[in-house]
Amino acid sequence: MVSMNRRQFLKVSGTSLAGSSLALLGASPAPAMAEVRQFKLARMTETRNTCPYCSVACGLLMYGLGDGAKNAASSIVHIEGDPDHPVNRGTLCPKGAGLVDFIHSPNRLKQPEYRAPGSDTWEPISWDDALERIARLMKDDRDANFVSQTPEGRTVNRWLTTGMLAASATSNETAYITHKVARALGLLAFDNQARV
Ligand code: SF4
């Protein structure tokens, strides 16, 4: 015969009673536990994206709170691998699996910054101002330094005084077009973040 004290008796009988009552009501543990998983992503907006970290470019599913209504503040609360993506088929490495912390990091850079010559301070600027400035500086430098022919008369059409470092987490199509733009300008110094 099993002996138990009063506290153990109350614990066992209470658990048994609760379990049998729930089973009678149709709430057995297995469906109840499965229900937790569904509830986690209920009423969320699902968005597809690409992991920004490395050249593998794994596909992501990002889940955001909020349904897009004007008074609903959206916030990404869960990220997992996209099972339909041909690169990673639902998997993520530890860096990709921690992306939700990267998104909410207070140190995350969300807009371009500019540091004037001689200054020790980075100033936030708009995307329009940043792109305008990049285009202006590239044009001026290319006009001044583009080499169409060598002194021996060989056609080279090259621009050696500016380089470009492109992002790696792109589709093949985006990478192809980026490459075309760089080479069409005559840039030879062209590399990719995948190698950084
Ligand atoms: S999840 Fe990992 S392997 Fe995949 S792109 Fe991100 S960093 Fe690279």
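Colleague: Is A57 buried or exposed?

Modeller: A57 is buried, because 22 other C-beta atoms lie within 10 Å. A residue counts as buried if 20 or more other C-beta atoms lie within 10 Å of its own, as exposed if 12 or fewer do, and as partly exposed in between, with C-beta atoms placed from the backbone. This is a predicted model, in which local features need pLDDT of at least 70 and side-chain atom pairs count only at pLDDT 80 or more, while totals for chains, interfaces and linings use all residues. Residues are numbered from 1 along each chain as its sequence is written.

Colleague: Where is A57, and what is its phi?

Modeller: A57 is in the loop between β1 and β2. Its phi is near 60 degrees, a positive value in a residue other than glycine. Most residues other than glycine have a negative phi. Strands here are DSSP runs of E, at least two residues long, and helices are runs of H or I with at least four; both are numbered from the N terminus.

Colleague: Which other residue has a positive phi although it is not a glycine?

Modeller: R89 has one, of about 45 degrees. R89 is in the loop between β3 and α3 (94-97). With 12 other C-beta atoms within 10 Å, R89 is exposed.

Colleague: What surrounds the ligand?

Modeller: The shell is C51, Y53, C54, V56, A57, C58, N88, L92, C93, K95 and G96. By class the shell holds 8 nonpolar residues, 2 polar and 1 charged. Ala, Val, Leu, Ile, Met, Phe, Trp, Tyr, Cys and Pro count as nonpolar, Asp, Glu, Lys and Arg as charged, and the others, Gly among them, as polar.

Colleague: Why does V56 count as partly exposed?

Modeller: Because V56 has 15 C-beta neighbours inside 10 Å. V56 is in the loop between β1 (44-50) and β2 (59-65). The C-alpha atoms of V56 and S168 are 8.2 Å apart, although 112 residues separate the two along the chain.

Colleague: Different topic. In what order do the strands of the open sheet come?

Modeller: The order is β1-β2-β3, with antiparallel pairing. β1 and β3 (75-81) are at the edges with a single partner strand each, so one side of each has no neighbour in the sheet. From one strand to the next the twist averages 30 degrees, taken between N-to-C directions of axes fitted to C-alpha atoms, on a scale from 0 to 180 degrees.

Colleague: How many bridges join β2 to β3?

Modeller: There are 6 bridges; two strands pair if DSSP finds at least two between them. Y63 stands opposite H78 in β3.

Colleague: And α6, what is its span?

Modeller: Helix α6 (residues 172-185) has 14 residues and should span 20 Å at 1.5 Å a residue, and its end C-alpha atoms are 20 Å apart, which agrees. The expected span is 1.5 Å times one less than the number of residues. The count of buried residues in α6 is 0. Just after α6, G186 has a positive phi of about 95 degrees.

Colleague: What does N145 touch?

Modeller: Leaving out residues up to four places away in sequence, N145 touches W159 and T161; contact requires C-beta atoms, placed from the backbone, within 7 Å. N145 lies in helix α5 (residues 127-145).

Colleague: How many helices and strands does the protein chain have?

Modeller: It has 6 helices and 8 strands. Buried residues make up 6% of its 196 residues.

Definitions and conventions: Near = placed C-beta within 6 Å. Contact = placed C-beta atoms within 7 Å.
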